[in-house]
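Hi,

Here is the structure I promised to pass on. Have a look at it first, and my notes on what turned up follow below.

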Amino acid sequence: MEGVNVSTHPEIPGEPTQTGTALLEKATAAFQGFGPVNKIHQHLCAFHFYGHDMTRQVEAHHFCGHLNDEFRQCLIYDSPDDDGRLIGLEYIVSEELFLTLPDDEKKFWHSHEFEVKSGVLFVPGVPGPVQRQDLEKVAKTYGKVIHFWQVDKGDKLPLGIPQVMMALTRDGQLYENLAQDVEKRYNISFEKERENRAYIKGPAHGIHPMANAAGKGLQTVLREVDCKHEKSTRVFV
């Protein structure tokens with residue numbers, strides 16, 4: 001597939017961060033703890049596409065932390081740099097937890113087997129043998145991704161409603177120019193990684209047929225409804 005490599009770094013409107021703001025942030029940080037953020041232990045890089053439009057592909061940098069051995073949660077940025085935009089989040093569960101989900105829920109989750117075995121999901125800066133120890137586990141998992149910021153459109157602010165994203169499941173889906181750009185920047189060869197990961201196995205029960213939107217498009221839409229509310233029980237006198 002061919003595609004246009006749209007910049008994911010639009011200029012954010014607003015005044016530059018003032019010295020006073022920076023000093024205040026440092027002061028509050030001295031008194032506060034950041035438990036959930038401090039649990040982040042891993043940076044994964046991969047690609048997502050909109051569940052209803054595979055032509056809209058986005059480089060996604062995941063910063064993840066485990067809540068337990070079968071569940072990890074990730075903040076997703078368009079870049080690992082200091083000016084990276086927080087564009088979404090992903091929940092990652094083991095095959096065992098995924099199988100407990102209702103069938104109507106399973107369609108929102110994507111498999112990770114192809115991403116891992118093809119080499120396009122990787123851990124930047126970590127030696128291959130080390131990262132493959134974790135990727136052996138990731139290949140068996142499922143992820144649910146929501147993006148809030150449509151940076152591929154050049155939006156300067158997070159506009160519109162959140163969208164369900166999907167991940168690559170077979171060869172020929174990823175735009176070649178996106179792949180080459182990432183390979184060059186991170187000095188990695190997806191093809192070489194594919195060879196090194198050939199031994200890795202996916203879910204024990206195979207990829208569930210309801211996962212990956214059951215092979216169909218999936219789009220979040222907004223519609224107006226009556227707002228539910230409880231009747232007031234107060235007595236006015």
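The average pLDDT of this predicted model is 89, and 84% of the residues score at least 70. One stretch to treat with care is residues 2-8, where pLDDT stays under 50; the model has 11 contacts beyond four places in sequence for these residues. Where pLDDT is low, the predicted coordinates should not be read in detail.

On to the cysteines. A search of the whole structure turned up 1 disulfide. Cys-64 and Cys-74 form this link, with their sulfur atoms 2.1 Å apart. The pair connects strand E2 (residues 53-68), which holds Cys-64, with strand E3 (residues 71-77), which holds Cys-74; the two cysteines are 10 residues apart. The angle about the S-S bond is 105°, and the link is right-handed. Both Cys-64 and Cys-74 are buried.

What about Cys-45 and Cys-227: buried or exposed? Cys-45 counts as buried because its relative accessibility is 0%, under the 20% cut-off. Cys-227 counts as exposed because its relative accessibility is 69%, over the 50% cut-off.

The other part I looked at is helix H7 (residues 176-186), whose buried residues are Leu-178, Ala-179, Val-182 and Glu-183. Seen down the axis of H7, these buried residues fall within an arc of 130°, so they line one face of the helix. Among the elements covering them are strand E1 (42-50), strand E2 and helix H8 (190-196). E2 is also the strand that holds Cys-64. After H7 comes Asn-187, which has a positive phi near 50°.

Conventions
Residues numbered from 1 in each chain as written. Predicted model: local features only at pLDDT ≥ 70, side-chain atom pairs only at ≥ 80, totals over all residues. Heavy atoms only, no water. pLDDT = per-residue confidence, 0-100. Contact = heavy atoms within 4.5 Å. Disulfide = S-S within 2.5 Å. Helix = DSSP H or I, 4+ residues; strand = E, 2+ residues; numbered from the N terminus. Buried < 20%, exposed > 50% of the residue type's maximum accessible area, 1.4 Å probe, protein only. Arc of directions from axis to C-beta.
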